[in-house]
Amino acid sequence: MRKLGIFLAASALTLAMVGVAPASAKTTKPVTLDGKVNNKGTKDISKKKAATLEIEADDYYFGPTFVKVQPGEKVTIELKNEGSTTHTFTSDKLKVDQQLSAGKSKKFTVTVPSSGTAFQFHCDFHEGMGMQGAFFTKTGGKAS
Ligand SMILES: [Cu+2]
């Protein structure tokens with residue numbers, strides 16, 4: 001009987017640990033992208049028609065990596081290069097191509113297209129190393 005008690009206690013502990021799992025759920029990808037992605041999480045700024053967003057560009061990722069927005073939203077991006085090399089914030093869909101030296105920061109505005117649901121952005125120099133991300137209006141799609 002004592003052994004069963006220990007078994008049940010161990011099972012309860014295992015369940016409790018599984019219960020903690022949502023911490024990693026934050027880093028699941030809301031939309032898919034071609035190639036490698038260094039995922040540093042998702043931020044939701046979709047509640048307002050205009051928002052300010054701080055994005056960290058580092059070696060070699062963007063944080064946040066995924067940004068939930070609403071169609072047509074005007075987003076003022078404060079890009080900070082916290083890495084040790086030059087990075088860019090580039091996107092055909094968001095019509096932006098900004099280059100930033102290490103340690104610098106820059107502010108610019110992008111407008112989310114009113115059609116489409118996922119818009120990829122990347123660093124021109126390090127996209128192949130996983131330095132990319134996406135703005136999205138709906139989860140489950142594919143950013144291009
Ligand atoms: Cu880069």
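1. The chain has 2 helices and 10 strands (DSSP runs numbered from the N terminus: H or I of at least four residues for helices, E of at least two for strands). Reading from the N terminus, the order is α-α-β-β-β-β-β-β-β-β-β-β.

2. Before going further: this is a predicted model, where local features need pLDDT of at least 70, side-chain atom pairs count only at pLDDT 80 or more, and totals for chains, interfaces and linings use all residues. Residues are numbered from 1 along each chain as its sequence is written, and side-chain values use heavy atoms, with hydrogens and water left out.

3. Now the metal. His-87 (ND1), Cys-123 (SG) and His-126 (ND1) coordinate the copper ion at 1.9 to 2.2 Å. Donors here are N, O and S atoms within 2.8 Å of the metal (3.2 Å for Na, K and Ca); water is not among the atoms, so the site may look incomplete. Along the chain, the donors are spaced H-x35-C-x2-H.

4. (Buried is under 20%, exposed over 50%, partly exposed in between, with a 1.4 Å probe and protein chains only.) Of the 144 residues in the chain, 38% count as buried.

5. Have a look at Gln-70 too, in the loop between strand 4 (66-68) and strand 5 (74-81). Gln-70 counts as buried, at 17% relative accessibility. Beyond its neighbours within four places in sequence, Gln-70 is in contact (heavy atoms within 4.5 Å) with Ser-46, Lys-47, Lys-48, Lys-49, Val-112 and Thr-137. A polar atom of the Gln-70 side chain lies 3.1 Å from the backbone oxygen of Ser-46.

Key. A polar contact is a pair of N or O atoms within 3.5 Å; within protein, one must be able to donate a hydrogen and the other to accept it, and residues adjacent in sequence count only if both atoms are side-chain atoms.
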